[in-house]
Amino acid sequence: MKKIFALFLMSVFAFSTSAQKVSTHEQNHNEFVQHVYDSVVLLYGQDESGGMKMRCTATAYEQLADKSGYRFATASHCVSGKTEKEQKAQKYFVTTDEAGAKTFLSAVLIEAGDKTVGDDFAIFETKTTLQFTVTPLGDSDKLALGDRVINIASPFGLGKQYFEGYMSNLKLDRPPLDAGSVQWSDVMLVEIGSAGGSSGSAIVSENQHAIVGFLVGGTNSTIGAIIIPVSRFKAFEVAVKAGKYHKTKKSDEEAGKTDE
């Protein structure tokens with residue numbers, strides 16, 4: 001009888017320990033999701049009449065050195081204008097998409113990448129006293145097939161939503177994907193929910209708790225979303241910060257012809 005009772009206590013302890021581990025894992029995961037959620041904003045453009053139109057999703061990846069604001073990453077095809085001068089003359093705003101009345105913060109375009117060579121990235125800067133969490137840049141070279149990822153985006157402009165998925169192709173070994181003025185190459189595929197408005201949103205690794213790519217489009221099917229690895233964004237950002245990033249003449253001619 002004592003032996004049976006001891007076995008019963010051991011099984012109860014094992015179950016309790018297992019349940020505690022599951023609970024801790026869920027709590028850590030939920031905190032991770034909330035952290036990413038709080039780093040995401042929606043990017044709006046303003047026309048000459050003052051009307052606001054949501055363009056894409058963006059993510060705070062860096063706080064400014066003087067802590068006066070943040071830098072956000074999104075997709076270059078979210079930026080209007082046929083030339084770099086026209087692009088930087090546009091009025092942009094970001095919002096955290098809080099419930100009720102929205103707060104719009106002025107956002108300055110630092111650089112929009114050359115879409116004709118696959119640099120479908122854009123960097124915006126916002127000066128604000130509001131506090132954002134920052135989702136850091138990760139390492140796309142460390143990804144493995146099947147790695148779990150999450151995404152916070154606003155498909156169809158319906159507000160920030162949570163999605164989860166997995167890496168389904170780490171290097172799409174096919175010709176560049178043609179989306180008009182955008183030529184995507186060296187891309188990955190992620191099996192995850194997405195739609196118009198998700199463009200520019202960060203794909204965040206559950207293992208690294210960091211950005212491993214940016215969602216830039218779909219495949220015109222139910223299979224996968226097109227992701228540009230963060231390694232390419234890092235190269236783009238380094239060139240921008242050094243003042244050495246230049247677009248091709250073709251890029252200036254084609255900019256602004258792709259719908260956001």
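These legends accompany close-up views of a predicted model.

**View 1. The surroundings of Phe214.** Leaving aside residues up to four places away in sequence, Phe214 touches Ala73, Phe121, Gly200, Ser201, Ala202, Ile226, Ile227, Ile228, Val230 and Phe233.

**View 2. A salt bridge between Glu62 and Lys241.** Here the closest N and O atoms are 2.8 Å apart. The partners come from distant parts of the chain: Glu62 sits in strand E2 (residues 52-63) and Lys241 in helix H3, 179 residues apart. Glu62 is partly exposed at 22% relative accessibility, and Lys241 is partly exposed at 49%.

**View 3. A salt bridge between Glu125 and Arg71.** Their closest N and O atoms lie 2.8 Å apart. Glu125 is buried, at 16% relative accessible area, and Arg71 is buried at 13%.

**View 4. Lys247 and Glu111, joined by a salt bridge.** The closest N and O atoms are 2.6 Å apart. Lys247 lies in the loop between H3 and helix H4 (249-254) and Glu111 in strand E5 (residues 105-112), so the pair ties together parts 136 residues apart in sequence. Salt bridges with shared partners join Glu84, Lys88, Glu111 and Lys247 into one network.

Technical notes: Residues numbered from 1 in each chain as written. Predicted model: local features only at pLDDT ≥ 70, side-chain atom pairs only at ≥ 80, totals over all residues. Heavy atoms only, no water. Contact = heavy atoms within 4.5 Å. Salt bridge = Lys/Arg side-chain N within 4 Å of Asp/Glu carboxyl O. Helix = DSSP H or I, 4+ residues; strand = E, 2+ residues; numbered from the N terminus. Buried < 20%, exposed > 50% of the residue type's maximum accessible area, 1.4 Å probe, protein only.
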